[in-house]
Each structure stands twice: as C-alpha cells, then as structure tokens.
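Please keep the structure in view while reading.

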Amino acid sequence: MLSVLANRTYRHLFLAQVIALFGTGLATVALSLLAFNIAGDEAGSVLGTAFAIKMIAYVGLAPIAAAFVERLPRRAVLVGLDLIRAAVALALPFVTEIWQIYVLIFVLQSASAAFTPSFQAVIPDVLPEEKDYTNALSLSRLAYDLENLLSPTIAAGLLLVINFHGLFGGTVIGFLASAALVVSVTLPKLKPTENQRTVKRITQGTRIYLSTPRLRGMLAVYLAVAAGGAMVIVNTVVIVQGTFGLQADDVAIALACFGAGSMITALSLPKVLEHFKDRSVMILGASVMAVCLSFGFLLSSFTQLLPLWFLMGLGYSAAQTPSGRVLRRSATGSDLPSVFASQFALSHVCWLVGYPLAGWVGSSFGIPVSFLSMAALAWISVFAATVLWPSKDAQKLRHSHEDLPDNDPHWAKGVDKVGKSHVHEFKIDDLHTRWPSSM
C-alpha cells in the first residue's frame, strides 16, 4: 500500500491531507473547550448547532463550489481554500460571543466543502492505475482513522503545557503546511469541458450521481454507514458513562476499538479488492454494521461493547473505502470533480439523518431503542443497496446512438456507423445522462 508514496506528487498531497486533518482534529478539541468557556453548561447545544452548520455547509455548498472552481487552476484553488481555513482558525481564539463561533464555523466548513471534493478529484489523475488508486484510497481512510485516534491524545498532551487557545495555533500551522505542500507540486490539468450554464454545472454532478445505478446503490450503503457511525459517535459517551457509570478514559478506549477495526480493514482492502468486487465489499461492510446494531440492545457490560465497536469499525471502513473507485468508474474526467462534490454532499445528507435520529431516540426512549432504530435504518439501507446496485455491474454495453447526430463530439473512435450501434469503450455509466434509454 505504501508503494504509491514513491510518486512525489501524491506523496506531497497525502502529507498535505494528513497534516490538515490533524490540524482539524486539534481545532475540534479546542472548539469544545472554547464553547464551554463561553456557554458553560449550554456548551452541548452550542456544539450541536455548530455541527449542524457544518453539515448544512457540506450538503448545500459542495456542488455549488465544484461548479465554480472546476474551471480555475487546481493548485491555486486548493492553496486558496487552505489559506481561508488558516485565517478562520487564527480568528477563533479571539471569539467572545456564541454567534461569532457560528459565523466562523460556517466560513471554515464552506471552505472545506469546496476543498475536500476538489482534492479527491485530483488523485485519480495523479494515480491513473487502478491498483495505485486503490492503495491511495486505503491510505486516505487510514489517515482519517489515525486522526480520530491520535488528535485527541496529542491535544491532551499539548494542554499540559499550553492553554486551549494554543491548539488553534496548531490548526493554523496545519493548514499553512498543507498549502505549502500543494504549492510544491504540479497538478494535472483538468480536461476542458464544453461551455455550460452555471445552474447546469451545479446540478450536473447530482444528475449523474442519481442517474447511475451503482451510485444510487452506493448512496444506500452510505445511509447504513451513517446509521452505524452516528450510533458510535453520538452515543458512545452515553453508553460508557451514563449506562455503565465509567470514566472519560473508557470512552476513549471504546472509540479506539472502533478506530482500530476501521484501520485494520483499510490496511487489508487493497489485497481484498484484487479478488472481490467493490459492490460485494461495500454491501458486506454495511451488513456487518447492521448485524452489530441488531445485537446492540443486548449490551450489558463494557467488555461486550469493545468487540462490538471493533466489528463496527471493520464494517465502517469496508463500506466506505472503495467508494472512490466506484466514482471514478462512473464519470469521465471532466465530470469527476462535480461527481465527487455530489458524493460529498449526498453522503452528508445521510449523516444529517443519522446524527439527530441516534441522539433523539437515545435521549427520548433509551439506548436499546436507539440501537434497534438504527439497526432498522441500516437493514433497510442494505436491502435498498442490493436492489439498486446491479449485481452484474457490466463495464461495457452494446447500445444504440440513434438519437445523436453524426457530428456529436461524444462519438467514440472505431464505432460501427451502421445503425450507430457498438460496444462503447467507456464504462457503462459514463453514458447514463446522454443515453438513459440504453441503460
């Protein structure tokens, strides 16, 4: 898996991602302490609102941002967004009012909503080989898991020698270092696209996404991921400290078990995906989460929670890591940024469903009912994914182009002009928006 780091461009981009992630992790801890410093016992509601603002920014702005930045130089866009995020982090220590937190979080997450899909869309062009790209996806998943595990630990160590405002300084350094690493490489240019109206560009990624059977199925998988992930993220502290009466350290141990399971899957997937289809791995991962949720209501001790969370982590990573491969097979190069942006936005819609459902049901009816509710959502999602995502996910398809003029630019070379019928050299779903009748 580490062989892809021999590619200098990817190595610098990966390091930029890792450093920015750790900076974001420090900011998350610092923001929690800042909210408590300002709002006291109301800090939970402040953070909940801030988190909702983050999700809204991701869902609403990612496709719009992709439409506006896709024609700009990639490196300039990524560096500019890193600088915006650094500026926001620099301003956060000077906040004195709750509304200021909300405004700055909106700006920060809006920049992230533009940065993340733009960054993800660069990687397939840097690593065009399927095997290399698969390894890169696993490394990326590993980076997210390491950030979740190590950022709180690093933050705790730093707080022994500095106050929480200093953590924002670490965030600023992270974003500036990310920008410097992006500047240090030359990124492949995005292939030019035909002129389109802005509204069409904004909606194009979503239209492609929702018109493609495998992507509709993958979105259902993400709803199962959100059901399981929200249960872990929202209710671990309630289960450990509220139900079992344990300490904050035990919360960290439980989350570490979840992260360890996810890391093991991320490390194993490159080899696994050489022998199994993306569809099988992702649906299996979602199913593992659904099974774990189904048994969660029987939990009676902390020692039972740890292996359950470990298995949840295994499924969590298996259900998500291959998604980049699926996206790359489902769009041409010029459409890829908008499709990645749509994936980013639509997957966060799933989290907008999962987070409040896990929290509200748990607080209103108890943790066992919350487990059963999230299990039901996960199983419905797994069933939907199985139905929506064809098991015979063909890569080529014989079809007709009777509706196209002879001079249409989408013609492939070497087609049989008689009857305009041929086996298209693009992958099956590259053509879904042009020729839906042939699907």
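## Terms and model

A residue is called buried under 20% relative accessible area, exposed over 50%, and partly exposed in between (1.4 Å probe, protein chains only). The model is predicted, so local features need pLDDT of at least 70 and side-chain atom pairs count only at pLDDT 80 or more, while totals for chains, interfaces and linings use all residues. Residues are numbered from 1 along each chain as its sequence is written, and side-chain values use heavy atoms, with hydrogens and water left out.

## The chain as a whole

The protein chain has 439 residues, and 52% of them count as buried. Its secondary structure comes to 14 helices and two strands; these are DSSP runs numbered from the N terminus (helices H or I, at least four residues; strands E, at least two).

## Salt bridges

The structure holds four salt bridges. A salt bridge is a side-chain nitrogen of Lys or Arg within 4 Å of a carboxyl oxygen of Asp or Glu. In one of them, Asp 82 pairs with Arg 85, with the closest N and O atoms 2.8 Å apart. Both residues lie in helix H3 (residues 74-91), and because they are three residues apart, about one helical turn separates them. Asp 82 is buried at 0% relative accessibility, and Arg 85 is buried at 5%.

Asp 278, Arg 325 and Arg 329 are linked in a network of salt bridges. Asp 278 and Arg 325 have their closest N and O atoms 2.8 Å apart. Asp 278 is in helix H10 and Arg 325 in helix H12, so this pair ties together parts that are 47 residues apart in sequence. For Arg 329 and Asp 278, the closest N and O atoms are 2.6 Å apart. Arg 325 is buried because its relative accessible area is 9%; Asp 278, at 4%, is buried, and so is Arg 329, at 12%.

## Nonpolar cores

In soluble globular proteins, nonpolar side chains tend to be buried together. A nonpolar core is a set of buried Ala, Val, Leu, Ile, Met, Phe, Trp, Tyr and Cys residues joined through side-chain atoms within 4.5 Å. The largest one here has 88 residues, and Met 218 and Trp 309 are among those with the most contacts inside it. Helix H8 (residues 213-243) gives the largest share of this core, 15 residues. Apart from it lies another core of 21 residues, including Ala 50 and Phe 164.
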